[in-house]
Amino acid sequence: MKHFVELLLNKNNSKSNGQVPFIERRKGIEIKSSREIKLMKKSSRIVATVLREIIDFVKPGMSTLELDEFAEQRITDMGAKPSFKGYHGFPGSICSSINNEVVHGIPNKKKIIRSGDLVKIDTGAYLNGYHGDSCVTICIGKVDESVQLLSDVAHQALTAGLNKIKAGNSLLDIAGAIEDVVLSNGFSVVEDYTGHGVGRNLHEEPSVFNFRTKDLPNITLREGMTLAVEPIINQGSKFCKTLNDRWTVVTKDGKLSSQWEHTVVVLSDGIEILTDRNF
Ligand code: MG
Ligand code: MG
């Protein structure tokens, strides 16, 4: 997701209302040392482990709070801290966003997951000074073909974006690849929220946007940059709104939304996916 801090800064003037997302405080893009990347691998591996476990654990009838408690326990068991909990006041260790909810869904014991739902689980872990950040979309039980397709296309978009990452390529290469996959399948790219640098802070520069734009800095990628790439795509229009709980973002038209995210490190000839769940 786009930085929580940006959400707060932009919540009344986001792209849906005609304004471009931005990063308020510029600190520059950090190039991580091999030591730092090793540390990020550890926190990212915890994120990957928890998401893998949640994919197995989640069942119809569970509440999103049960998933949150499970995630917090597992992150803590592995010696890390949940990156999201308390971040700008966010109450959960995961963001759990169901169906038309786009991002930042607050875990709630009254929010029951049903067969046929499209559930996005986003989580982060902080260990030894570094964060990892990843999100999956889970199809619960038997879902409609169109629901599965949305998730599949969001995943393809992430893969297409990741395939463009290597030193010398640019953020626009990533964005273009993502946008092409999404638009060619008749879906839309959410513009209010972007990926980001990640490391000592959960959200760092640059904004890793998922659509072609001249309004955000097009950075040339360098070896050692660590990025969270996270296309968010909608079944209908790209426009979103934030609910009165000040966090949960939903599609304006009530249609579905899907998101996948990985934390990666840029290499000379490609990437290493630090939150890879295949280990
Ligand atoms: Mg993120
Ligand atoms: Mg995330």
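## Basis

Residues count from 1 along each chain as its sequence is written, and chains are lettered from A and ligands numbered from 1 in the order in which they are written. Because the model is predicted, local features need pLDDT of at least 70 and side-chain atom pairs count only at pLDDT 80 or more, while totals for chains, interfaces and linings use all residues.

## Overall fold

The protein has five helices and 15 strands. Both are DSSP runs, numbered from the N terminus: helices are H or I with at least four residues, strands are E with at least two. The radius of gyration is 17 Å, close to the 19 Å that the globule rule gives for 279 residues, so the protein is as compact as a globular protein of that length. That radius is taken over C-alpha atoms, and the rule is 2.2 Å times the number of residues to the power 0.38. Along the principal axes, the C-alpha atoms fill a box of roughly 45 × 40 × 35 Å.

Of the 279 residues, 51% count as buried. Buried means 20 or more other C-beta atoms within 10 Å of the residue's own; exposed means 12 or fewer; partly exposed lies in between, with C-beta atoms placed from the backbone. Among contacts with a separation of 6 or more, 72% join residues 24 or more positions apart. A contact needs C-beta atoms, placed from the backbone, within 7 Å.

## Helix H5 and its surroundings

H5 covers residues 171-184. Its 14 residues reach 20 Å from first to last C-alpha, close to the 20 Å expected at 1.5 Å a residue. The expected span is 1.5 Å times one less than the number of residues. Buried residues of H5 include Leu171, Ile174, Ile178 and Val182. The buried residues pack against helix H4 (145-163) and strands S6 (188-189), S8 (204-208), S9 (226-229) and S10 (232-234). Gly186 follows H5 and has a positive phi, near 80°.

Val153 is in H4. It counts as buried because it has 20 C-beta neighbours inside 10 Å. Beyond its neighbours within four places in sequence, Val153 contacts Val181, Val182, Asn185, Phe187 and Ile233.

## H2 against H3

H2 (residues 34-57) and H3 (residues 64-77) pack at about 145°, with axes 10 Å apart. Axes are lines fitted to C-alpha atoms, for helices over the stretch in contact; angles run from 0 to 180 degrees between N-to-C directions. H2 contributes Ile46, Val50, Glu53, Ile54 and Phe57, and H3 contributes Leu67, Phe70, Ala71, Arg74 and Ile75. These residues divide into eight nonpolar, no polar and two charged. Ala, Val, Leu, Ile, Met, Phe, Trp, Tyr, Cys and Pro count as nonpolar; Asp, Glu, Lys and Arg as charged; the others, Gly among them, as polar.

## Loops and backbone

Ile140 lies in the loop between strand S5 (130-139) and H4. It counts as partly exposed, with 19 C-beta neighbours inside 10 Å. Among the residues it touches are Val58, Pro60, Ile113 and Val119.

The peptide bond from Glu205 to Pro206 is cis, with omega near 0°. Pro206 is in strand S8. His88 is not a glycine, yet its phi is positive, about 50°. His88 sits in the loop between S1 (81-82) and S2 (94-98) and is exposed, with 12 other C-beta atoms within 10 Å. Arg246 also has a positive phi, near 75°. Its loop runs between S11 (240-242) and S12 (249-251), and Arg246 is partly exposed, with 14 C-beta neighbours inside 10 Å.

How values were computed
Two residues are in contact if their C-beta atoms, placed from the backbone, lie within 7 Å.
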